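Student: Can we go through this model together? I'd like to start with the strands and then move to the rings.

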Amino acid sequence: MKRILLSTVCVAVLGLAAAAVEPAQAQDQGSVEVLHWWTSGGEAAAVGVLKQDMESKGVAWQDMPVAGGAGEAAMTALRARVTSGNPPTAAQLLGMSLRAWAEEGYLGDLTEVAEPEGWDSVIPEPLQAFAKYDGHYVAAPVNIHRPNWLWSNAKIFEENGLTPPKTWDEFNQVAEALQAKGIQPLAHGGQNWQDTTVFDDVVLGIGGPEFYQKAIIEADPEALGSDTMVKVFDQMRKIRGFVDPNFSGRDWNLATAMVLNGEAAMQLMGDWAKGEIIAAGKTPGVDILCTPAPGTEGSFLFNTDFFAMFDVGEERRPAQLIMASAAMSPSFQETFNLAKGSIPARTDVPGDKFDECGKQSMADIKAAQEKGTLMGSLAHGHAQPPAVQGAMFDVVTNHFNSDQSSADAAKALVDAVAAAQ
Ligand code: BGC
């Protein structure tokens, strides 16, 4: 007994001694420079979790935020850095652009941490397909976002005796009812990626999962130019009529704020909007309701934020590996995703701390994977390579901001995709 006690004390004392010297050791782990586009309130809270985690491990954090939802501006900044021979340690990338950087040969090899930590057994296969290139990991996936959500202000819905719409017809009825009462139905920011986030929902909601697969994932010209696609553009035109006149160029988080403040009833947006709800001290699922975007129940569009690790040379590599390992740790993935609005990329993180919407995401993604209705988001870089994605963005946004007919828009989509392929 005495021996046990003594050794316990020894361990404790040694532990204290180790803790006491840790700051000195901790300062010596180098630094990481991280490029990302997480600049809204909820996003900044989430990235703060990683920064703190790294600093606690003695790795200095050099922040390189490039504002702009969905990362378009960040991608321009990244290209400038890499092509001038000075890549950041890590960059936030979405699946298809991650693949493109890997193909260009700019990314490092994370086998050294991925293998002993057993990443293969905890990262879902659809994410591995992006995180690995040529058989080895080049990036760490930190989350799974679901872009096909509808966020509704509970008070507005209750006061007007309405429930969140489940189909696009219901959506139109609810929006018209709100409009008749002088309430702004939809908060939207007119930027190409936001328009396409809505477009993804409409393609999936009107055409169904098989149609989304054909048109968006396979870019099948017949599906792109079909009558169903014409109906999709008809619905996009309707949606345009439910948006306020100042929508052009508005950032997504300002649109979320409109729903939070009761200036608008709904927003069609990915669950990074939930990060804003949480940062504003409101409860997702209670103050702001989450339901799958109309017609998309049973399907799960996904996008994942990866930290792509650039080939930065031997000197900067140890800190990079510490970051890769930290980003994949279960406790980090839990804390980070509680703030970010997404769910963990790892399959072994318990869901009990997540709110109602997070729990629904976790259940829905499982069901969708089993049914084959888990599909990548076009708007958020998991359906088409950047060139084709850009061509589709242009068509969607041009239609949304003009009086182009639905038939002409569908035809333009076929042509634009063919030219970009
Ligand atoms: C990213 C999210 C981000 C959102 C808005 C998405 O493409 O995956 O992490 O919060 O864009 O910027």
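Student: How many bridges join strand β7 to β9?
Tutor: 5 bridges join β7 (residues 149-153) to β9, and the two run antiparallel. Strands here are DSSP runs of E, at least two residues, and helices are runs of H or I, at least four, numbered from the N terminus. This is a predicted model: local features need pLDDT of at least 70, side-chain atom pairs count only at pLDDT 80 or more, and totals for chains, interfaces and linings use all residues. Residues are numbered from 1 along each chain as its sequence is written, and side-chain values use heavy atoms, with hydrogens and water left out.

Student: What's the bridge partner of S152 in β9?
Tutor: L289.

Student: In what order do the strands of that sheet come?
Tutor: β8-β7-β9, an open sheet of 3 strands with antiparallel pairing. Two strands pair if DSSP finds at least two bridges between them. β8 (266-268) and β9 (288-292) are the edge strands, each pairing on one side only.

Student: Which strands does α17 lie across?
Tutor: Helix α17 (residues 356-371) lies across β7 and β9, at about 160° to β7. Axes are lines fitted to C-alpha atoms, for helices over the stretch in contact (heavy atoms within 4.5 Å). Angles run from 0 to 180 degrees between N-to-C directions.

Student: Switching to rings. How many aromatic pairs are there?
Tutor: The structure holds 12. One of them is W101 with Y106: centres 5.5 Å apart, planes at 65°, so edge-to-face. Rings of Phe, Tyr and Trp (its six-membered ring) pair if their centres lie within 6.5 Å; planes under 30 degrees apart count as stacked, over 60 as edge-to-face and the rest as tilted.

Student: Is W101 buried or exposed?
Tutor: Buried, at 3% relative accessibility. Y106 is partly exposed at 30%. The cut-offs are under 20% relative accessible area for buried, over 50% for exposed and in between for partly exposed (1.4 Å probe, protein chains only).

Student: What lies over the face of W101?
Tutor: R79, at 4.2 Å from the ring centre. A charge sits over a ring if NZ of Lys or CZ of Arg is within 6 Å of the ring centre and within 35 degrees of the ring normal. R146 has its charged end over the ring of W149, 4.8 Å from the centre.

Student: And which residues form an aromatic cluster?
Tutor: W38, F307, F332 and F336 form one.
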